[in-house]
Amino acid sequence: MIDPKTAHDMYYKMCLSREVNDELVKLKEADEIWGPIHLNAGQEAIGVGACAALQPDDFIVSNHRGYAHWIGKGIDLQGMVDEIFGKASGLCKGKGGEMLLADIPHGIMTSSIVGGSLGLATGLGLAMKMQASGRVSVAFFGEGASNTGIFHESLNFAALHNLPVIYICENNGWALSTSASVSTSVPDIAVRASSYGIRGYVVDGNDALEVYDLVSGTVEAVRAGAGPILIEAKTYRVGSFSTNDRASGYQGTELTKRWMAKDPIARLATQMKLLEIASADDLNSTLASSRSDAQNAIASAQEADYPKETELYDDLYVSA
Amino acid sequence: MTTSMSARSSTSTESHAFTRELSIQEAINEGLQEEMARDDCVFVMGEDVGLYGGHQQVTEGLYERFGASRVIDTPISEGQIAMTAVGAAMLGMRPIAEIQHIDFITLALDGIVNHATLPYGWGGQVQVPLVIRTKDGSHTLGLQHAKSLEAWLVHIPGLKVVQPSTPADAKGLIKAAVRDPNPVIFIEHKLTYRSRGPVPEGDITVPIGVADVKRSGRDVTVIATSKMVPEALAAAEFLATEGISVEVIDPRTLVPLDIDTISESVAKTGRLVVTHEAWTRGGFGAEVVAAVVERGVELHAAPLRICGANVPPPFSPALQRISIPNRERLVEQIRRIADDSSTSRNAPTS
């Protein structure tokens with residue numbers, strides 16, 4: 001039975017991810033944000049569900065569609081939004097932007113090179129094994145990344161050395177405009193795990209409780225040195241790739257609408273009510289909190305200062 | 001001849017109580033042994049580095065002494081070698097990753113260019129105390145195993161690039177590179193591993209970012225790297241018999257460049273020659289020339305680049321020989337640039 005506190009926390013985080021992302025998309029469309037915003041609606045269950053099963057000192061390496069990963073792992077919300085606005089008080093002092101968010105004290109890294117998250121997570125796993133720290137690293141990536149060379153090299157190496165890494169593939173059907181059916185030689189990316197002698201799992205990526213159950217059921221073995229695993233979470237990108245996407249209609253309306261009916265936030269709400277761990281009022285109140293938290297963070301980020309020009313060369317080199 | 005004109009040089013043999021002769025391979029090996037003994041976080045990874053002791057035996061004995069957990073034989077996966085090293089460094093380890101030939105660094109560039117530079121992109125939240133060792137240089141191996149690509153790495157802000165030419169510099173710089181909290185690319189030359197030279201005993205590092213005046217002179221400044229250092233010294237020795245006094249400076253570190261030492265020398269001689277095996281176009285030498293000229297140093301002749309021919313490295317010895325510079329070409333071209341300055345510039349003008 002899911003711990004009610006965990007379920008409530010997941011619900012809040014999924015709502016927060018949706019609220020922040022939706023608000024930022026609107027602001028970008030009104031030309032009030034410098035960089036692109038990557039649409040995340042519909043994919044909240046994977047990052048939030050997986051991160052709910054991790055410890056605070058575990059690490060995640062996210063990608064360009066990381067709202068649910070970052071918020072799921074407990075990112076400093078104000079620092080995150082400040083960074084997306086390119087402000088000096090951002091997590092990366094304005095140097096990184098949305099596509100490169102990192103919050104090291106909360107165990108969060110991001111790479112916006114497709115496949116980069118796998119490479120870095122593998123390196124983190126090697127250090128964790130060498131340090132015998134009992135930590136795990138999690139790489140989040142899409143089905144497009146499963147076709148990169150670094151996917152192959154990372155899983156092969158991690159398998160050889162039993163590294164404590166969980167590779168989570170969010171198969172949302174699209175790599176920008178490219179459908180998975182034309183890019184990926186197998187319908188289930190999870191089968192690729194067998195190429196490396198590791199376990200592969202398929203999970204409904206629109207069901208936060210199922211994702212949580214799978215990760216919490218497998219993470220301890222990974223932590224103990226049983227070796228890496230590959231999880232494929234089936235989901236769908238109901239929005240366009242990003243605010244820079246021409247959205248020429250390549251996704252098709254019918255499939256998008258069918259997946260919107262499987263909205264992960266609505267589904268968790270239904271489950272929590274059926275399990276009698278939340279009332280409709282509880283859930284509405286949580287949604288309202290997440291909305292005001294998102295709006296407050298954004299309002300504050302809009303007021304914050306940009307970095308000074310004198311900061312251009314800061315952090316280029318570390319002094320000994 | 002090895003006495004430094006600059007107070008910054010630290011390879012003068014007079015300054016140490018005892019030196020012995022080592023090859024470059026032995027010197028780097030000794031540096032690696034010392035650093036791995038000094039700090040448990042230091043580890044080595046790469047192809048054939050462990051059980052085999054390394055392609056050129058640079059990592060010989062490390063596996064036997066420190067074990068499989070600290071000397072990792074990797075698959076043929078340069079992309080993963082670089083990325084794994086970056087990730088491990090971000091979490092506090094100090095990896096020394098090897099790319100067996102610099103030609104293969106093409107496969108490792110995402111890790112080096114897009115990820116080792118993340119300390120800047122993440123606003124200083126992490127360090128990447130990584131060393132990437134590799135080897136370059138042209139000889140018998142043909143196009144895909146004979147290139148010198150340091151210019152690509154010099155171009156990337158956030159990296160440090162070192163290229164030692166002597167055993168003492170090699171040992172001192174590998175130790176400094178391991179201790180540096182920034183990513184350092186350490187470039188060896190495939191033909192100079194058996195070159196021997198004096199190496200001081202003890203825990204001695206050579207500072208990164210400091211050039212070394214390998215030979216003092218008055219008439220021409222020659223900036224040389226790697227295997228072109230001994231070539232330039234040989235040319236200088238020969239030209240001395242013709243009354244031409246050549247100053248040979250080995251930058252040792254390409255980034256951050258010791259432009260002060262180089263500029264002071266050119267201010268003295270008024271004549272600048274740069275020489276490296278790598279292709280002339282867009283090469284490290286071009287950066288040196290631009291950096292000196294920008295400083296407004298007075299030149300008595302146009303700067304000269306005596307560098308690799310702009311062709312992919314050819315195989316046949318008849319062509320390979322002329323595709324890279326050598327001491328004979330240096331002598332011939334330095335003689336021309338020094339044309340009317342065979343008398344000391346300090347001589348009275350009236």
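This is a predicted model: local features need pLDDT of at least 70, side-chain atom pairs count only at pLDDT 80 or more; totals for chains, interfaces and linings use all residues.
Residues are numbered from 1 along each chain as its sequence is written, chains are lettered from A and ligands numbered from 1 in the order in which they are written, and side-chain values use heavy atoms, with hydrogens and water left out.

Chain B holds an open sheet of seven strands, in the order β3-β2-β4-β5-β7-β6-β12 and with mixed pairing. Strands here are DSSP runs of E at least two residues long, helices are runs of H or I of at least four, and both are numbered from the N terminus; two strands pair if DSSP finds at least two bridges between them. At the edges sit β3 (71-73) and β12 (253-255) of chain B, each pairing on one side only. From one strand to the next, the twist averages 20°; axes are lines fitted to C-alpha atoms (for helices, over the stretch in contact), and angles run from 0 to 180 degrees between N-to-C directions. Within this sheet, β4 (residues 94-99) and β5 (residues 131-136) of chain B run parallel and are joined by four bridges. Ala97(B) faces its opposite number, Ile132(B), in β5(B).

Chain B also has an open sheet of five strands, again with mixed pairing, ordered β9-β11-β10-β13-β14. Its edges are β9 (212-215) and β14 (304-305) of chain B, each with a single partner strand, so one side of each has no neighbour in the sheet. Four bridges link β10 (residues 220-224) to β13 (residues 272-275) of chain B, and the two run parallel. Here Thr221(B) stands opposite Leu272(B) of β13(B). Helix α12 (residues 327-337) of chain B lies across β10, β11 (246-250), β13 and β14 of chain B, at about 165° to β13(B).

Now for the interface. In all, 39 residues of chain B are in contact with 41 residues of chain A, contact meaning heavy atoms within 4.5 Å. The two chains bury about 3,100 Å² between them, 70% of it on carbon and sulfur atoms; buried area is the accessible area (1.4 Å probe) that two parts lose on being put together, summed over both. Leu91(B), Tyr120(B) and Trp122(B) supply 24% of the area that chain B buries against chain A, more than any other three residues. Helices α3 (78-90), α4 (105-115) and α5 (118-121) of chain B each supply at least two residues of the side that touches chain A, and α3(B) gives the most, with nine residues.

Over all chains, the whole structure has 41 salt bridges. One of the salt bridges joins the side chains of Glu35(B) and Arg38(B) (2.6 Å, N to O). These two are three residues apart in helix α1 (residues 24-38) of chain B, so about one helical turn separates them.

Val255(B) and Pro256(B) are joined by a cis peptide bond, with omega about -5°, and Pro256(B) sits in the loop between β12 and α9 (259-269) of chain B. Asn162(A), a residue other than glycine, has a positive phi near 50°; Asn162(A) is in the loop between α6 (149-160) and β4 (165-171) of chain A.

Methods
A salt bridge is a side-chain nitrogen of Lys or Arg within 4 Å of a carboxyl oxygen of Asp or Glu.
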